[in-house]
Amino acid sequence: MDKLIITIAPTGNVPTREMTPHVPVTPEEIARDIHDCYNAGAAVAHIHARDEEYRPTPRVEVFASILQQIDGYGIPVIRQLSTGGRHGKTLEERSQNLTLNPEMASLTTGSTNFPNMAYVNAPDLIEHLAQIMKERSIKPEIEVFDTAMINNAYLLAQRGLFREPLQFNFVMGIKGALPATPKNLMHLVESIPAGCPWTVTVIGPQHVPLSTMALAMGGHVRVGIEDNIYYAKGELATNVRLVERIAAIAKAVGREIATPVEARAILGLKPAG
Ligand code: ZN
């Protein structure tokens, strides 16, 4: 079984300071949390940006500033930039940060509903984003909100838009989207090609049991305030504590944790440097 890749998603688009004081929103705060989470076992950082008023922004300068701050710590964590749709609607907005040539970027291969909005990823937008990532040798993490998105990823792969191995992230537990159940996770895992690395991102109270199940099955785990502002019922999370808990569960069940170098090998990324 591969070593466990822990991804930290510290910020996202939704959590506000009003919801939790622990969400990092400035480039300095985001980089500091990523540094601390790296020390706790995270190999990948999934990054969103906020503007001066802490609202989601697609502005490339803000992403550049976050990357610069991370560079300042001199840590080899894998940078994965979000191309998610809450901070922008157009291809130009969604793809701006790819000009920074991160090692990875998220790519959602279909549309779904979020609790208060439709998350629209039209076929031409997905294809354009995939094309840009291919040209810039950016590894897409294929964000799967329902099984049909796996099928769509196949179709894009058949047309040569992805390099092997495809890497999937199963996002489960969003209200109105795919429920976070063991049965659904089994179905998703059985629906991807054998040998492809996969990650789970679970929103809501099932995130600990279902992440543990993924960990036992050889999958990888994403945690962070983007996905869960609560550590337990009524208890707000910090990013570091969420990483520490997954690292502790992995240790307890004997699953070793991947360093960024090992994670690059598992994900088929070029060695850094
Ligand atoms: Zn995200």
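Predicted model: local features only at pLDDT ≥ 70, side-chain atom pairs only at ≥ 80, totals over all residues.

**Exercise 1.** Determine how the axes of helix H1 and helix H2 are oriented to each other.

*Solution.* Step 1: locate helix H1 at residues 27-40 and helix H2 at residues 60-73. Step 2: their axes come within 8 Å and cross at roughly 45°. Step 3: angles of 65 to 115 degrees count as roughly perpendicular and those under 35 degrees as roughly parallel, so H1 and H2 are oblique to each other. Step 4: the crossing of H1 and H2 is right-handed. Step 5: the contact involves, among others, Ile30 and Ile34 of H1 and Ile66 and Ile70 of H2. By class, this contact has eight nonpolar, three polar and two charged residues.

**Exercise 2.** Identify the residues that coordinate the zinc ion, and decide whether His46 is buried or exposed.

*Solution.* Step 1: the donors are NE2 of His46, NE2 of His48 and OE of Glu226, at 2.0 to 2.1 Å. Step 2: along the chain, their spacing is H-x1-H-x177-E. Step 3: His46 belongs to strand S2, whereas Glu226 is in the loop between strands S10 and S11, 180 residues apart. Step 4: buried means under 20% relative accessible area; His46 has 3% and therefore counts as buried.

**Exercise 3.** Describe the backbone at Tyr54 and at the bond from Glu164 to Pro165.

*Solution.* Step 1: most residues other than glycine have a negative phi, and most peptide bonds are trans. Step 2: Tyr54, in the loop between S2 and H2, has a positive phi near 70°. Step 3: the peptide bond from Glu164 to Pro165 is cis, with omega near -10°. Pro165 lies in the loop between helix H5 and strand S8.

Notes:
Residues numbered from 1 in each chain as written. Heavy atoms only, no water. Axes fitted to C-alpha atoms, helices over the stretch in contact; angles between N-to-C directions. Helix = DSSP H or I, 4+ residues; strand = E, 2+ residues; numbered from the N terminus. Parallel < 35°, antiparallel > 145°, perpendicular 65-115°, else oblique. Left-handed = near helix turned anticlockwise from the far one by under 90°. Contact = heavy atoms within 4.5 Å. Nonpolar A, V, L, I, M, F, W, Y, C, P; charged D, E, K, R; others polar. Donors = N, O, S within 2.8 Å, 3.2 Å for Na, K, Ca; no water. Buried < 20%, exposed > 50% of the residue type's maximum accessible area, 1.4 Å probe, protein only.
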